[in-house]
Structures are given as structure tokens and as C-alpha cells.
Amino acid sequence: MEKGKVCPPDGVLAHLEMLEARAHQAAVKQEEVEQQEQKLARLKARVQELRALRDELQAKVDLQEKGQLEKEGVVSNPAQPSAQAVLEWKIKSVKATLQIFYLTGISGKLTKRGVCFCISTAYEGTYLDSYYLDLLTKPEVQIHRHSVPIFIPLEQIAKSYLQRDIRRFLSVLSDHLNAYVGRRYQADQLQEHFSEQIEGTLQRNSLCNLLVFNYNVSKKSKTFPFNVRLLYGDLCCSLPTEVIVSCTSGSPTSLAETAAAHSALFRRVALHKAFRSFGSAEGNVAGAALNPPGSAQEHPSPGSLTSRE
């Protein structure tokens, strides 16, 4: 700097305003994440309550059905029940099933030849898709029509549960569908909101249980490319069972630690939430620049990468 010249204050003030805006934005995002997690925890608790209520109602229905069959004399000769008694029992059982599953995202209505179920899916409180299943109940329970994606193992699930436990069949199928739409939702959110960090195209299969993509990480004014491979071995789960993260430009100690931290985060939280945490970590740097240790304005910064769940 030439002697006698003073650095204009406008540049410094503008830089400070920019840092303050980034820190505020990071704090707002952190608050939104915490609110969403609290809401999700409340919804999970509510689901547990509804499941307990479902089990209680099912136990009562089973007792009523058993008493009704005994009253009608069906169990007096269990080897040869009358066709009319069996048909009435099936109708009552189906009606009870419709009432119980309505509490857990599965609804349905009786048709002339059986029953049509609707399985509604959601992720993090966001409604996504509905899938339909038209079942025939005579002469035996069988799938007539459905809108379940072809890559969902419907035939395998039906073979295991449809004939002996229709409630279990619907529950397992619902778990598969909700996990699938949850994985798909995370991948869509990543592409929609974090496209600037993603390098190239996110690769995924139809079931969305294998995701491969590259993303950039900024460190000390430098950008480092990372590669990640996510495998969802449990098809009823929306979090990966196997995570491989590596830096494609070498493996200095600091980059290896970053890859390990990211890998652990991908296992614990949704994909788009993990990338949001990366942004919060950058916000911490901005907050530290605004309020260095020992300053009068020092306050806790937004959540860090390792503390987020």
C-alpha cells in the first residue's frame, strides 16, 4: 500500500456484511433442521402409539371372531366347516383389516370379487405416492391387479405371507414401498438443492438402493473432488448399510479424516440432510470470522458436522 493512502472502509464493511449474512443463513438452516427432527420424533412416537393401538384392536377382533365362530358352531367340527361360515368369516376378517390398517397409511374398500387396498407412502412427514393392490378372495386370496413397481419383490412377499397372514403381507409390502420412496426422495432432494456441489450425474438404479456420485469439498480456498458409493442392503430401510467415500485427488491426512466423517454422517442421516450439514459447517467458519475467541459478541455457532444426527 502506498504511503498516505488508507484502505476504503466500504470494502471491509461489505465483507463483514457478507460474513454476517452467511452466518445468519446457516443459523436459520440449523433451526429448520432441528424443527424438522423434532417433528419427525413426534411423528415416530405417534406411529408407535398407533401400532400399539392396532395390535390391541386386532387382538379384540380375533377374540370376537373366535367367539362368533364358536357361537355359530363352526369350530365344533373344524375339519369340515360350512362354506357359508367360512365366507362370512373372511368378510369380517377383511373388514377388520381395513379398519386397522387405515391407522397406518393403508386403506381399502370391498369390491364385488374381493378388496382393493391403497398403500400411501411418505418420508419425513411429506406425502409422496400411493400404490394400489386389487385382491381376489375367492376361491383363495390372490393378486388380481396392482400398481406396485416391478422392481419391488411383490411376488416374493406374496409367496411368504399372502395366503397365511394378509396383515403381515400388507405391512411388509408397505415397509418396502416406504423405504423405496424414501431413498428416491433423498436422491431427488440432493439433485434439486445441492447440484452446485455435485460433479456430473448422480447414478442410481431403479430401486434406488445403489447410489454413486461425485461431489466437491472446499478446504482452505481449494476444492477437492470426492467420490461416494452408497449401498442399501436392507430394502426396508432408507439409510445405507455400506458407505464408501474417497478423495480422488490423493489422500492427505486431513482429506482422509473428512472422508471418514462424511461416511459416518451418510450412515446416520438422510442424504440431503448430510449435505445440509456440510453447509452448516461452512457457516461455522463464517461465524468464527465474525466473532473470534475473546470478543464481546462471541456466541455458540450453528451445529457442526460431527454433532449433527
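1. Does leucine 13 count as buried, partly exposed or exposed, and what is its relative accessibility? Leucine 13 counts as partly exposed because its relative accessibility is 48%, where buried means under 20% relative accessible area, exposed means over 50%, and partly exposed lies in between (1.4 Å probe, protein chains only). This residue is found in helix H1, which covers residues 9–72; helices (H or I, at least four residues) and strands (E, at least two) are DSSP runs, numbered from the N terminus.

2. A word on the basis of these points: this is a predicted model, in which local features need pLDDT of at least 70 and side-chain atom pairs count only at pLDDT 80 or more, while totals for chains, interfaces and linings use all residues. Residues are numbered from 1 along each chain as its sequence is written, and side-chain values use heavy atoms, with hydrogens and water left out.

3. The chain has 6 helices and 8 strands, and from the N terminus on its elements run α-α-β-β-β-β-α-α-β-β-β-β-α-α. Of the 309 residues in the chain, 35% are buried. The accessible surface of the chain comes to about 18,600 Å², with 53% of it belonging to carbon and sulfur atoms; accessible areas come from the Shrake-Rupley method with a 1.4 Å probe, and for residues only the protein chains shown count as cover.

4. An open sheet of 4 strands has the order S1-S2-S3-S4, with antiparallel pairing, where two strands pair if DSSP finds at least two bridges between them. Strand S1 (106–110) and strand S4 (142–146) stand at the edges, each with a single partner strand, so one side of each is left without a neighbour in the sheet. On average, neighbouring strands of this sheet are turned by 30° against each other, direction ignored; axes are lines fitted to C-alpha atoms, for helices over the stretch in contact, and angles run from 0 to 180 degrees between N-to-C directions.

5. Strand S3 (residues 126–136) is joined to S4 by 4 bridges, and the two run antiparallel; aspartate 134 stands opposite arginine 145 in S4.

6. Lysine 109, which lies in strand S1, counts as exposed because its relative accessibility is 57%. Although lysine 109 and aspartate 134 are 25 residues apart along the chain, their C-alpha atoms are separated by 9.7 Å.

7. Helix H4 (residues 166–193) lies across S1, strand S2 (114–123), S3 and S4, and runs at about 145° to S3. Among the contacts in the chain with a separation of 6 or more, 46% are between residues 24 or more positions apart, contact meaning heavy atoms within 4.5 Å.

8. Cysteine 208 has its place in the loop between strand S5 (198–204) and strand S6 (210–219), and its phi is near 55°, a positive value in a residue other than glycine. With a relative accessible area of 4%, cysteine 208 is buried.

9. Strand S7 (residues 222–231) and S8 run antiparallel and are joined by 6 bridges, and the bridge partner of phenylalanine 226 in S8 is cysteine 247. Strand S8 (residues 242–247) has a covered face, made of Val243, Val245 and Cys247, and an uncovered one, made of Glu242, Ile244 and Ser246. In a regular strand the side chains alternate between the two faces of the sheet.
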